Amino acid sequence: MKADKVKRTMITAAFIFAVVPISLAVFGFFAAGTGLAISDTQLTNVGAVMAFCPKWFLYLFFVLILSGLISTVDSIICAVSSVAGHDVVKRLSMNEKWHGRIQKNIFLFILFANEVRAARFAMIVVTIIAILIANIPGLTILYLFLLYGTLRSSVMLPTVFAILGKRMSERGLFYGILTSMIVGLPIFAYGNFTGNIPMIVFGSLFTILASGIMAVRRKPLQRGSMEVAIKIDRTDMDKRIAEIKAVHGEYLACAEKMEAHIRTFRALTESARGTARDIRKSVSQYKRLQGKKSLNRKKSRRK
């Protein structure tokens, strides 16, 4: 995406997305205005559609709801698999301690040694957790919506900072979002289940603020010269230099042998040329002698 289109794209997407909750909320106002009695308030939209719309629209409505749920599940699973398969595995592989543990521990090696395998395990774990949460006794759609909204709010400030072009730390962004989800979300959930208003407020604020505060880079980069310290392991380098020297020595020995063979070949070539010249001289002398003998024979016959 082009940098100058990010802000406009996010604002346009927000307005397009707002059409969905606003449209569904209208059914609730219709039901309340007509005094429609619905036993389960979580299904107000469905009851209103069944009361005010024709039957064929009811089937279409369920298809739309199912498509929205599948789209949401697909997006979440893709995001979780990407984070687990790329970010987590890459970060653990760059950490020397964790890299050593992964290589030694069979269980960790199975989970984190391969990016695709880690992404698959993450998708399975998220699916199992979602099924367990959905089957909690007394859990309502409102609680699920609040938990989902709180989970999404953990990336609100980093997203705003990214749109505004504020510099953020990759390490702080990763651990900030992780802290918001691990600490803030359980506090918010527990406050909702127990009806503790201060815990609800604290959990929601902590989830929103922790990721943004930790993601902001503490020390902005300064222009000017920068010193870079490079550490080189001489052990491996010395081994490579020794190997290069050994190969170089073998190459020189082979080159000397080739030069000796070339000199021998040149000497043989020169001697072959000399022999060829001698043979040519002998042949020419033989031809001259044969010519003289034939002349003497002709003279003797004439006489």
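Let's start with a word we'll need: buried means under 20% relative accessible area, exposed means over 50%, and partly exposed is in between, using a 1.4 Å probe and protein chains only. By that scale, Glu270 is partly exposed, at 48% relative accessibility.

Okay, what are we looking at? This is a predicted model, where local features need pLDDT of at least 70, side-chain atom pairs count only at pLDDT 80 or more, and totals for chains, interfaces and linings use all residues. Residues are numbered from 1 along each chain as its sequence is written, and side-chain values use heavy atoms, with hydrogens and water left out.

Back to Glu270. Its side chain meets that of Arg273 in a salt bridge, 3.5 Å from N to O. A salt bridge here is a side-chain nitrogen of Lys or Arg within 4 Å of a carboxyl oxygen of Asp or Glu. Both residues sit in helix 11, residues 234-302, three residues apart, or about one turn of the helix. Helices are DSSP runs of H or I with at least four residues, numbered from the N terminus. Arg273 is partly exposed too, with a relative accessible area of 48%.

Now over to Ser211, in helix 10, residues 197-215. Is Ser211 buried or exposed? Buried, with a relative accessible area of 0%. Its side chain reaches the backbone oxygen of Ser154 at 2.5 Å. If we leave out residues up to four places away in sequence, Ser211 touches Ser154, Pro158, Gly176, Ile177 and Ser180, where contact means heavy atoms within 4.5 Å.

Next, the surface. Leu151, Tyr175, Leu178, Met181, Ile182, Val183 and Met214 make a nonpolar patch of about 530 Å². The areas come from the Shrake-Rupley method with a 1.4 Å probe, and for residues only the protein chains shown count as cover. To join a patch like this, residues need over 30% relative accessible area and no salt bridge, and nonpolar side chains (Val, Leu, Ile, Met, Phe, Trp, Tyr) are joined within 5 Å, while like charges are joined within 9 Å. Helix 9, residues 170-194, gives the largest share, five residues. Val183 is found in helix 9, and it's partly exposed at 34%.

Last up, cysteines. Cys53 is partly exposed at 23% relative accessibility, and so is Cys78, at 42%.

Terms used:
Helices (H or I, at least four residues) and strands (E, at least two) are DSSP runs, numbered from the N terminus. A polar contact is a pair of N or O atoms within 3.5 Å; within protein, one must be able to donate a hydrogen and the other to accept it, and residues adjacent in sequence count only if both atoms are side-chain atoms.
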